[in-house]
Amino acid sequence: MFKAEIKSDTLKGLVNIVSTLIDEVKFTVGPEGISLKAVDPAHVAMVEVNIDAAAFESYSADETTIGLDLDKVKGVLKLASSGDIISMEQDEDHGKLVFRVGNITRRMHLVDTSGMSDPRFPQLSLSSKIDILVEELQQGIRASESISDHIALTVNSQGFELSCEGDTDSASLIVSKDKLKSMELPDGDTAFRSLFPLDYFANLVKAIPTGTTVGIELDSDYPIKMNFSFAEGNGKVSYLLAPRIESD
Amino acid sequence: MFKAEIKSDTLKGLVNIVSTLIDEVKFTVGPEGISLKAVDPAHVAMVEVNIDAAAFESYSADETTIGLDLDKVKGVLKLASSGDIISMEQDEDHGKLVFRVGNITRRMHLVDTSGMSDPRFPQLSLSSKIDILVEELQQGIRASESISDHIALTVNSQGFELSCEGDTDSASLIVSKDKLKSMELPDGDTAFRSLFPLDYFANLVKAIPTGTTVGIELDSDYPIKMNFSFAEGNGKVSYLLAPRIESD
Amino acid sequence: MFKAEIKSDTLKGLVNIVSTLIDEVKFTVGPEGISLKAVDPAHVAMVEVNIDAAAFESYSADETTIGLDLDKVKGVLKLASSGDIISMEQDEDHGKLVFRVGNITRRMHLVDTSGMSDPRFPQLSLSSKIDILVEELQQGIRASESISDHIALTVNSQGFELSCEGDTDSASLIVSKDKLKSMELPDGDTAFRSLFPLDYFANLVKAIPTGTTVGIELDSDYPIKMNFSFAEGNGKVSYLLAPRIESD
């Protein structure tokens, strides 16, 4: 059993966050809220989302799983204006989720989740942590476009750097320590630097809402972890992105 | 002889209403106003328009016919801002219509109307009539997109429904009787329901100006008739759309 | 040596003006400012630009030449908001121009200018001169679209005309003498008229900022010269466009 009401903006945020990696997703539903773990088809990036029942306008659910085609959910979101409430109710007899927006009823076939794996989100202990506004990441990505397919992220005692090195051209954005929201790194003068595929990094960052503070955990030649919350703190997201090994 | 001045917004509305079905059109011009009847190339939908001379800023005409390529008229409309007056004058010697917008003169070759048939607009007596805001129709169309190629319209004593049934998914929008502008149907508990091609229905509705009240006449497995007025009531439009027969 | 700061809007204006004709350009830099001359690949149009050091927020330079790929400079402009200052500094050791916008550093490889010719801008003495708002030219171009590939410009004692003659249709925009900003032509009743390729003329006019007064010099079957200034008068531009000879 699953029955809930949610603000269209909150559902839109959730769909954006997940659909950057996959089209069909398995939600694990329980009395306290909803969670999902997903990996992209190329196994380069992962996402983990936990949404507390408090993120919903109303919520009641037993333990169940719901498989959804996110493109169809985007179609439902187009029927709602900002501020509208969308109601969802599982129809277990027919294997459907029933959305209601205003005077519209949309009965959506559920995706079979039996073949969907439950990816294990690795527990990583990464050496450096910073908090940064998503707008800084976006600006660094814009500066890197059409220079190279990779972006290097570096944390050292000075601050945080996004940089991009092409055959003839280069770009870098430096956010000094005092401009970061926070910064933690081990004592000493070590720099932590990993290289990532620019398209993946750009797609993940594009899905993060404007104005969000992103927690970044970075090490050298290790995956990057990006954490942020949405739905007024009632939704938690972690992205994990595999590094590219530098050949030089 | 035909010489008239018209607000660019009025001419734009007229062109939108007709160009959704055909590119070249024959206007029947007379001292009291202008009319046209047209059927789309696949003979699925028809439009009939009557514009009173009062819809124009100035108007003088004898009985004549004027054939126009509506794409060219759209080009003239791009030269005018909202609120501009467009003047039109027939140049019978050269077979042209001369448009003037501000300090621009645009001489447009008239389309030969001799081969254009005058479609007969069938007189139908349809059992149910409702008046509804065009925005409700638009919302029902949006809900139906990518579910099926057909949309079903139903009138019963409860109100009006647009619904769409796909292989696995479905959508419906219900406008209850009290939300309709008006509703007339025979006594008894009969429902009137016809199925229409979604693309045609969507195109016709898209051409109706925002905020317009549309009169819908509906029967079972019969064409739908949609009536509305524009140009502050000085233009009257009727669309007729053939039904698809349900195979079930 | 070249080191300067410039408002992003000024640099954007400059790039628009030149990139309508060519992608890679050689700037001739000196202590007093920057100049460039360029001809399009088909040798139909030329541009000459002179920018005074006063157009910059700060400026210091020796005699040098700088070759730039304007698409890359457009990429830098996307990193700046209106009102931002962009700094540029030549790195002679590495053959690069270093742009700085906010906390971004963009090192751009310079284009080799050794193979780039220095086109000679012909000294023409054209019979008629008018000053006209660029918006009038834009409106005349819009009226000519999809009628013909050529546009005729005429100056006579009545004023200025842009006209376009197709096989069946025609359009013209007349700006009477009193609506022009100024007009100079020899005594007598001569008209000066030349025909130009519409696409070239439209592209040049599109690159001229809104609200600009354009000085037009026109003769019969001669190139047209269009002069205007930007950067609050500190930048001067001349376009030259070859005529098409009328065959009739």
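Guide: Let's begin with one term: two strands count as paired when DSSP finds at least two bridges between them. Keep in mind that the model here is predicted.

Visitor: With that in hand, in which order do the nine strands of the open sheet stand?

Guide: Walking across the sheet, you meet β15(A), β11(A), β12(A), β13(A), β9(C), β8(C), β7(C), β1(C) and β5(C), with antiparallel pairing.

Visitor: Which strands stand at the edges?

Guide: They are β15 (192-197) of chain A and β5 (58-61) of chain C. Each has a single partner strand, so one side of each is left without a neighbour in the sheet. On average, and ignoring direction, neighbouring strands are turned by 20° against each other.

Visitor: Can we zoom in on one pair? How many bridges join β8 and β9 of chain C?

Guide: Six bridges link β8 (residues 96-101) with β9 (residues 104-109) in chain C, and the two run antiparallel. To see one, find Val101(C), whose bridge partner in β9(C) is Ile104(C). A helix belongs in this picture too: α1 (residues 8-19) of chain C packs on the sheet and touches β1 (2-7) and β7 (85-91) of chain C. The direction of α1 makes about 100° with that of β1(C).

Visitor: Now the chain contacts. How many residues of chain B and chain C are in contact?

Guide: In general, the size of an interface is often given as the accessible area lost when the parts come together. Here we count residues instead: 10 from chain B are in contact with 13 from chain C. Strand β9 (residues 104-109) gives the most to this side of chain B, with six residues. By class, that side has three nonpolar, four polar and three charged residues.

Visitor: Which strand of chain C does β9(B) pair with?

Guide: Its partner is β13 (residues 170-176) of chain C, joined in the antiparallel sense over four bridges. One place to look is Arg107(B), which has Ser170(C) as its bridge partner.

Visitor: How do I read helix packing?

Guide: Two packed helices are described by the angle between their axes and the distance between the axes. For α3 (residues 134-144) and α4 (residues 198-206) of chain A, the axes come within 10 Å and cross at roughly 145°. This crossing is left-handed. Among the residues making the contact are Leu137(A) and Ile141(A) of α3(A), with Phe201(A) and Val205(A) of α4(A). The contact has seven nonpolar, two polar and no charged residues.

Visitor: Which residues of helix α2 of chain A are buried?

Guide: In α2 (residues 70-77), Leu70(A), Lys72(A), Val73(A), Gly75(A) and Val76(A) are buried. They pack against several elements of chain A, including α1 (8-19), β2 (24-30) and β6 (64-69).

Definitions and conventions: Residues numbered from 1 in each chain as written. Chains lettered and ligands numbered in written order. Predicted model: local features only at pLDDT ≥ 70, side-chain atom pairs only at ≥ 80, totals over all residues. Contact = placed C-beta atoms within 7 Å. Nonpolar A, V, L, I, M, F, W, Y, C, P; charged D, E, K, R; others polar. Axes fitted to C-alpha atoms, helices over the stretch in contact; angles between N-to-C directions. Left-handed = near helix turned anticlockwise from the far one by under 90°. Buried ≥ 20, exposed ≤ 12 C-beta atoms within 10 Å, placed from the backbone.
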